[in-house]
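Thanks for coming, everyone. Please bring up the structure, and we'll walk through a few parts of it.

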Amino acid sequence: MLNVDILIEPDVRRALDSLLLNRPNLDPSSDAMEKFMVPYEKNEQFMCREALLLNLRTTLSELSPNEYNHRVALYGMGGVGKTQTAIAYVYTYQSEYDRIYWISAANEASLLSGFRDIAVRSRCVASVDKLDPRNIAARVLAWLRQQENWLVVVDNLDEIDLVEGLLPERAPNGHTLITTRNPNSEGIPARGLEVPLLEVPEGIQMLYGLAKIPRETEPDAAQKIVETLGCLPLAIGQAASYVREVSRSFVTFLETYHKRRKELHEWIPRGNRQYSKSLASTWSMSSIFLKNITRQLRNSSSTSLSLTLITYG
Ligand SMILES: Nc1ncnc2c1ncn2[C@@H]1O[C@H](COP(=O)(O)OP(=O)(O)OP(=O)(O)O)[C@@H](O)[C@H]1O
Ligand SMILES: [Mg+2]
């Protein structure tokens, strides 16, 4: 399989791929070939990232030559909303693509099983049973080179080495969207786009929206919560769930938070199936989080930015 980036005319490459693929005789328009493989439903509560979504669309589509056309890495600390932004992108621009595939790259096993799933469910590889996982991935990538208008999301790619030789080729006929905690998307052959922490007013908007508390109720406490939680969407989402499900008041939440912070960090909201980790586990996993917060504290006059989180981490 032609899986190296050497200079071969695209037409020649496609023809060679076709020969090597030993492709099953499938009608590509057949409904049996799955064309939308995304393990998440649309998040109707997604908010505050309209400008980022537009920027992402423009960057992925950009035709004027640059180093990494058509491949973008959304980067940022754990819980800042990279996966959520990728999900929102998928549903916002679904109609622009003929095929959308989602691969979790949290570890090698899930990455390779993602390719296997595509091979089986899109039926692009004749028979996967006797093939080793890397061979299957190479065949899926070769098949993708022959398709038009696809989007592949490679989610939670924190160990960059995992995808060596396993990223879809960059070409105008398809887009690759990566999410990673890697702070500068360094080492990833993709255009980096940061998913930043929210601004305080956005955080407040998110808190009210997710807690389903009427706007202007306990405004000082709402602002204090957002500042205390360092404007991190994961933390705001969990606080909002706690207010909605348990305390029904921002003031009460703050009191509880100051008394029983550790317990609240361990708490996992019932409804959040898209992110099952507690705040505590996210923070302890994310050394980047600590580094970034420390940097922000250094640069910021706002010391209210969650010293508590740092000591907890
Ligand atoms: N824009 C948003 N609107 C509403 N909720 C959000 C938004 N962004 C993040 N969240 C909340 O934060 C949680 C974590 O977001 P997400 O899974 O996207 O983080 P992440 O940056 O991918 O983290 P990780 O690096 O751990 O994978 C979500 O499950 C959701 O509750
Ligand atoms: Mg993620």
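Leu74 stands opposite Thr179 in strand E5. Strands here are DSSP runs of E with at least two residues, and helices are runs of H or I with at least four, numbered from the N terminus. This is a predicted model, where local features need pLDDT of at least 70, side-chain atom pairs count only at pLDDT 80 or more, and totals for chains, interfaces and linings use all residues. Residues are numbered from 1 along each chain as its sequence is written, and chains are lettered from A and ligands numbered from 1 in the order written.

Back to E5, residues 174-180. Strand E2 (residues 71-75) runs parallel to E5, joined by five bridges. Strand E4 (residues 150-155) also runs parallel to E5, again with five bridges. Strands pair if DSSP finds at least two bridges between them. Val152 has Thr176 of E5 as its bridge partner.

Is E5 buried or exposed? Seven of its seven residues are buried. Buried means 20 or more other C-beta atoms within 10 Å of a residue's own, exposed means 12 or fewer, and partly exposed is in between, with C-beta atoms placed from the backbone. Gly174, Thr176, Ile178 and Thr180 cover one side; His175, Leu177 and Thr179 are on the other.

Now the largest nonpolar core. That term means buried Ala, Val, Leu, Ile, Met, Phe, Trp, Tyr and Cys residues joined through C-beta atoms within 7 Å. It has 67 residues, and Val140 and Leu207 touch the most other members. Helix H5 (residues 133-145) gives the most, eight residues.
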